[in-house]
Amino acid sequence: MIIKLPLKGQFYYRYIHTFVRYEKEVETKKVKKGRKMNQQDQNDKKNEQTPDAAVFVRGLEKSFCGKAVLKGVNFTVLKGTVFALLGSNGAGKTTTVRILTTQMQADSGIVEIEGYDVQKNPHKVHETMSVTGQFSAVDHLLTGTENLVIMGRLHHLLEPKKKAMELLAYFELSEAADRAVSTYSGGMKRKLDLAMSLVGNPRVLFLDEPTTGLDPQSRRSMWQMIRELNENGMTIVLTTQYLEEAEQLADLVAILDKGTIIAQGTPENLKAYLPQGVVQFSFPDGNCFALAKSLLKDYRVSEEAETYKLSVFTDGRADTLAEIFARLYQNKVRITDFSKHTPDLEDAFLAMIEEREEMTDASCN
Amino acid sequence: MQAAINRWKEIAVMAKRCMLLSKRNPDTLLTSIMLPALMMVLFVSLFGRLIEIDGTSYANYIVPGVVLQCIGQCACVTAVMVNNDLSSGIVSRFCTLPMKRSSILNGHVAEAFIRSLVTTAVVLFAALLLGVRPYTDAACLGMFFLLLCGSIAAFSYAAVVIGIAANSAEGASALSALVVILPYISSGFVPVDTLPPVMRVFARYQPMTPIVDAIRSAFFEKTLELDVCGGALAWCAGLSVLFFGVSAVMFRKKVS
C-alpha cells in the first residue's frame, strides 16, 4: 500500500525550486548544443565533462508515438562508483538504460560512456560496457557453460572455456555448469545472466532491476556480488524500484519520475529532506477519525480512511507530540493505538513524486 | 582484414549456437529428419501407383517438389527461432556486444543452410531407396547443388523476415506455413496443366514452378535445359537479395 504524503513543508518547496533552477540551466546548455558546434561550445563541453566520468548524460529526450518518456535526463556517474536510478514502473528507467547501452536511439541529447559517444562510436562503447537486462537473456536450452562460451567467442577471447569456468566458479554455479539453463532456479538464472555480462571484462556495467523477482536471500547475495564487482573497480549503473536497494548499494541516487530526474544526491542527502518524525494514530470509529482529522488540520497528515488511521508528520520533537496528544485528549477523541517511526528513503521518494504532481496540477489550472 | 575474419568467426559462432539450439529441440529434429523421409515415402506409396507422368515414375516426378517442401519446413524452424531470439531478449544482449549486428541473422541463415542440406540428403536417400535413379553427371549435379543453395538462401532469408515481422512464435510458425504451401501449388506434385484454372495461373507464374522444373531437369534429363535453370537461378538470386535487404532493414528497425 502506498501511503500518500501530501507534504507542504517549506524545505520541500525550497528543494523543488532549487531543482527547477537546475533544470533551467540545463535547458540553456541544451539550446547551445543544438546550434552548430563551434570551438567555444566544444570547449564548454570539455570543461563540463570531468575526465573521471564513466557515464555522462545530458539533455536526454525520447518519445514514443508522440508521448514523451524522457524529458531531458541529466546525470554523471564517476568512475568506480555505484549509481542508482530509482523510479516506479513507467518512470523511464529501462528506456534510459536501453539508450545508454545503444539498444535504442535517443531523440536528442548526449550520452557518453567512458568518453565514447554512443551514437558516433557504438563499437567502442560495446567494448567498454555490458548490460544485464530486466529479463534474463540466456539460452534456456543450452547449458550454463555453453552460454558463457558463446559469449566468450563473440568477445573474441582466446580461451573462452577457461573464462567460462572461472565465472561459473565465482558465481557458485560450477555444479550446474552442464545442466540446461531451463532447469535453473530464478536466482541461478540471474547469476548466470550477470556472469554473461562479465565475460568481456566491462569497465562499466549496467544492471536493469537486478533483483526484481528474487527472494530475499538471493537478493542479498546479488547485492554482495554487486559490491564485490564495484570494489574491483567496476563502475555500476543500476535501476531499481526498491529504495532499500539504492540505499544499500549506491554512492549516488537519482530519482527518476515521469521522464525527469527530480532529485539527485547521496542516500543521506535525500533523507535529509524528510520530516523528522511520523506518528500514526488508529481510531476506533469514523467519528473519532473525522474529528481528529479536523483537529490536526494544521499538520501535514496522510490518511487511511477505511481503517481509521491517520499519519501525522511532525518536526520530531517530543513537545510537538505532547501537543498533539493534548489536543486529542481535550476533545475526547479516543485513540486505540499509536506508533512513531523515523522516515526512510521510501517516504522521501513518495513525497517528492507527490509534491511534483501537485505542482504540475497547480500549473495546469 | 582482421575485421573480416572476426565477422566470419561471429557468424560461425552464431550458427553453432543455432545448431546447438535446434539439436536440443525435438521439434526441429522431427521436421528436419523424420518429416522429409516420411513425406517421400507417403506420397510415393499413396499416389505412386495411380499417377504416371511423362513416362517417368511418380517417385521420380515428386523429388524436386518434396525437396523444396522440406527446405520450406526447415525455414519454418528458422522463422520461429529468430522470433524466439527477438522476444527472449537475447538479441538485445548480442546487440550490446562488440560484434556486427548482421552476424546474428547471418548465423541463423548459415544454420538453416546446413540443416536444409541435411534434410535434402535425407530426402534423396529415401528417394534412392524408393527406386529413384538420377543422372550423376558432374554438370547436372553441380547445377542441382547451385539450385539447391539458391532456394535455401531465398527460403531462409524469407524465414528471417517472417521471424522478425511476426508478433509471436505461433505467428511466425503460421506465417511460414503459408510459404510451405507454395510448392504444392506448382509443378512440384502434379503437372501445372492438371490444376484448376485459378491455381494454374498462379502456379505458372510463381517462382516455385521454374525452380522445381529446373531441379527436375538437372536431375532426370540428359541435357540441362539451361534457360529453365537460368530462370530458376535468377528467381533464387532475386528473392534472396530482396529478402536479405528487407530483413536487414526490419532488423535494424526492430533493435534500435
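Here is a short chat about helix packing and chain contacts in this predicted model.

Biologist: Hi! Let's start with helix H5 of chain A. How many of its residues are buried?

Modeller: Happy to. Helix H5 of chain A spans residues 144–154 and is mostly covered, with 11 of its 11 residues buried. Among them are A:Glu146, A:Asn147 and A:Arg153, along with A:Leu148, A:Val149 and A:Ile150.

Biologist: You mentioned H1 of chain B. How many residues of chain B are in contact with chain A?

Modeller: On the chain B side there are 20 residues, in contact with 24 residues of chain A. Two elements of chain B give two or more residues to that side: helix H1 (2–24) and helix H4 (90–95). The largest share, 7 residues, comes from H1(B).

Biologist: What's the class make-up of that side of chain B?

Modeller: It divides into 9 nonpolar, 7 polar and 4 charged residues.

Biologist: Switching topic to packing inside chain B. At what angle do H3 and H9 pack?

Modeller: Helix H3 (residues 58–88) and helix H9 (residues 208–220) of chain B pack at about 130°, and their axes are 9 Å apart. H3(B) and H9(B) are therefore oblique to each other. The crossing of H3(B) past H9(B) is right-handed.

Biologist: Which residues make that contact?

Modeller: From H3(B) come B:Asn60, B:Val63, B:Pro64, B:Gly65, B:Val67 and B:Leu68. The H9(B) residues include B:Met208, B:Ile211, B:Arg216 and B:Phe219. By class, the contact of H3(B) with H9(B) has 10 nonpolar, 2 polar and 1 charged residues.

Biologist: One more pair, then. How far apart are the axes of H6 and H10 in chain B?

Modeller: They are 8 Å apart, for helix H6 (residues 138–165) and helix H10 (residues 226–255) of chain B, with an angle of about 25° between them.

Biologist: Why does that make H6(B) roughly parallel to H10(B)?

Modeller: Angles under 35 degrees count as roughly parallel, so at about 25° H6(B) is roughly parallel to H10(B).

Biologist: Is the crossing of H6(B) and H10(B) left-handed or right-handed, and what classes of residue are in the contact?

Modeller: The crossing of H6(B) and H10(B) is left-handed. Their contact has 22 nonpolar, 4 polar and 1 charged residues.

How values were computed
Residues are numbered from 1 along each chain as its sequence is written. Chains are lettered from A and ligands numbered from 1 in the order in which they are written. This is a predicted model: local features need pLDDT of at least 70, side-chain atom pairs count only at pLDDT 80 or more; totals for chains, interfaces and linings use all residues. Axes are lines fitted to C-alpha atoms, for helices over the stretch in contact, and angles run from 0 to 180 degrees between N-to-C directions. Helices (H or I, at least four residues) and strands (E, at least two) are DSSP runs, numbered from the N terminus. Angles under 35 degrees count as roughly parallel, over 145 as roughly antiparallel, 65 to 115 as roughly perpendicular and the rest as oblique. A crossing is left-handed if the near helix is turned anticlockwise from the far one by less than a right angle, and right-handed if clockwise. Two residues are in contact if their C-beta atoms, placed from the backbone, lie within 7 Å. Ala, Val, Leu, Ile, Met, Phe, Trp, Tyr, Cys and Pro count as nonpolar, Asp, Glu, Lys and Arg as charged, and the others, Gly among them, as polar. A residue is buried if 20 or more other C-beta atoms lie within 10 Å of its own, exposed if 12 or fewer, and partly exposed in between; C-beta atoms are placed from the backbone.
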